[in-house]
Amino acid sequence: MMQRKKSTSAYMRSQRKTALFFLLPNLIGFLLFVVYPVFRAALISLTNWNGFKQMDFVGFYNYGALFSDSTFRISLNNTLLYTIVTVPLSIAFGILMALLMNMKLPGIKVFRTIYFLPQITSMIAIGLVWSLVLAKYGPLNQILIALGNTNPPKWISSTKYALTSVEIVSIWRSMGYNAIILLAGLQGIDAVLYEAAKLDGANAFQSFLHVTIPMLSPTIFFCLVTQMISSFKVFDIIIAMTQGGPGRATNVLAYFVYNKSFVDSRFGYASAAAFIMFAIIMVFTAIQFRGQKKWVNY
Amino acid sequence: MKTKTLGNKILLVLILIILVALAAAMLFPFIWMVLGSFKPKDELFAVPMSLLPVRWKPSNYSDVFIKIPFAKYYVNTAKVAIFSTLGQVITCSLSAYAFAKLQFKGRDALFMLYLATMMIPYQVTMIPQYELIRNMGLLDSHLGLILLHCFSPFGVFLLRQFMLSIPDSFVEAARIEGASDTTILTRIVLPLSTSALATLVTLKFLDSWNDYTAPMIMLSSKMKYTLQLGLRTFQQEFGVEYTLILAGTTMSLIPILIIYIFAQNYFIEGIAAGGVKG
């Protein structure tokens, strides 16, 4: 008995050693490039670090200063607006696309390939091309003029439409992604449920409302959370299309952080803004997880 | 009964119209990009517009190589993407094996830590990462970029989830036979995980090919730029050379498109799984 216990613990010890050996390469990188930077950034956010020698402890000064910084407030506002517009619309279009792709039609897979195409394309490429599509005499405005709109919007060069332009491109890109995930959810719904709804006399719309939507709600919830997190972090598309402008019309949180750090060398200030961004993401995600009890059907 | 089939037919036509309209909306910018890249500059925004070039100008493509070191950007991007992907596959499969098939104290807590960090926005960690790379003397080098890309919690997560589905009895049987864990990993677990590995490879390659922020922060000399950085700089410097920008963008997309066509399922599954990452 004693003998056996001893050998088990020796076996455990050897497993522990192997585990450490296997974990180490990734763990070192993970601790160094992911975990340590979070603590380091928290420290930097309490200083006035300029990237070089100057690094005085300033307490929570940066956090306080951010809230009286009009550019920060505008970027926070724009990020929230962008999220409120793009998340629901890209999911709604995603549901529509998923329903269409769920039809049993020959060649339907071709549409899946096409709808997903923007998702594999770099945001920079998409931004460069779309900013030309949306140019004053670009194809979109020429189509609008042909359709009878005599005064089409100036899109990314107007303060009024710049954020809308970015939102359109963002929805255009992400709806195919949502559709693919939602399609998998749709295909997991038991056909028996539709049969039962039919027997109860439900029409197509009623069975969509009372069978499809509740059964799809966990997938919709997943899309909602992931889309929201990524829209709070929007950056590449802003760089490629508007650089935050015109004026501050499309300045968003991630762009603000980049600008304050690598352009203005105010790394402490930028880190504080990054932490506020992080906090917002956590709060909104937590709210989503709380709210899911009310509408998500597991 | 007759009206029903008629109704069904109308519905089917309606569905087809929406399907095609959505596909057209998805494809239009790409088609306009490719055709525009063959147009002379003055034709791109001509009124009335024509989708096809009136005079074809394929020299736009060679002009890109004259204006910027485009070939160099290609090589740089491929180099960073290949080594980052390779590094990820190695470090992540080792860790994933430990998390999925080995017993050790604190295993689940450590795994939770990996998961928790996936929510942290890049903006929080990018400044200290820049500082670290600078202190290592690796600023403005591809090695620095590759190092940053080599360790993702996401890769560990993806492979670990897959390896959990491989029965422990396979591993135990090999252990009784006297196989070491390295042998078990390389001879049994990895060959059984090819689909997860393929997903990770396509996803990481794509991520690294399309990455803009990290190269922008880390690289400063032009000859070291990656495609995304080069394209963006091209736009800043030659903003009015629209047709050349379109030609450059088209060329930057070709490798990814080719991989997408052949490995579509891995891309789609990988990105769908990557949703967790945001």
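**Working through the model**

Student: What share of the contacts in chain A join residues at least 24 apart?
Tutor: This is a predicted model, to begin with. In chain A, 71% of the contacts between residues at least 6 apart in sequence join residues at least 24 apart.

Student: How many helices and strands does chain A have?
Tutor: Chain A has twelve helices and zero strands. Its pattern along the sequence reads α-α-α-α-α-α-α-α-α-α-α-α.

Student: What radius of gyration does chain A have?
Tutor: Chain A has 25 Å. A compact globule of 298 residues would have a value near 19 Å. The C-alpha trace of chain A spans about 75 × 65 × 35 Å along its principal axes.

Student: And how much of chain A is buried?
Tutor: Buried residues are 42% of the 298 in chain A.

Student: Over to chain B. Which domains is it divided into?
Tutor: Chain B has domain 1 (2–61) and domain 2 (68–277). Their centres, taken over C-alpha atoms, are 34 Å apart.

Student: How many residues does each domain put into their contact?
Tutor: Domain 1 of chain B puts in nine residues, and domain 2 of chain B puts in seven residues. H1(B) gives the most to the domain 1 side, with three residues.

Conventions. Residues numbered from 1 in each chain as written. Chains lettered and ligands numbered in written order. Predicted model: local features only at pLDDT ≥ 70, side-chain atom pairs only at ≥ 80, totals over all residues. Helix = DSSP H or I, 4+ residues; strand = E, 2+ residues; numbered from the N terminus. Rg over C-alpha atoms; globule rule 2.2 N^0.38 Å. Buried ≥ 20, exposed ≤ 12 C-beta atoms within 10 Å, placed from the backbone. Contact = placed C-beta atoms within 7 Å. Domains from an automatic or database assignment.
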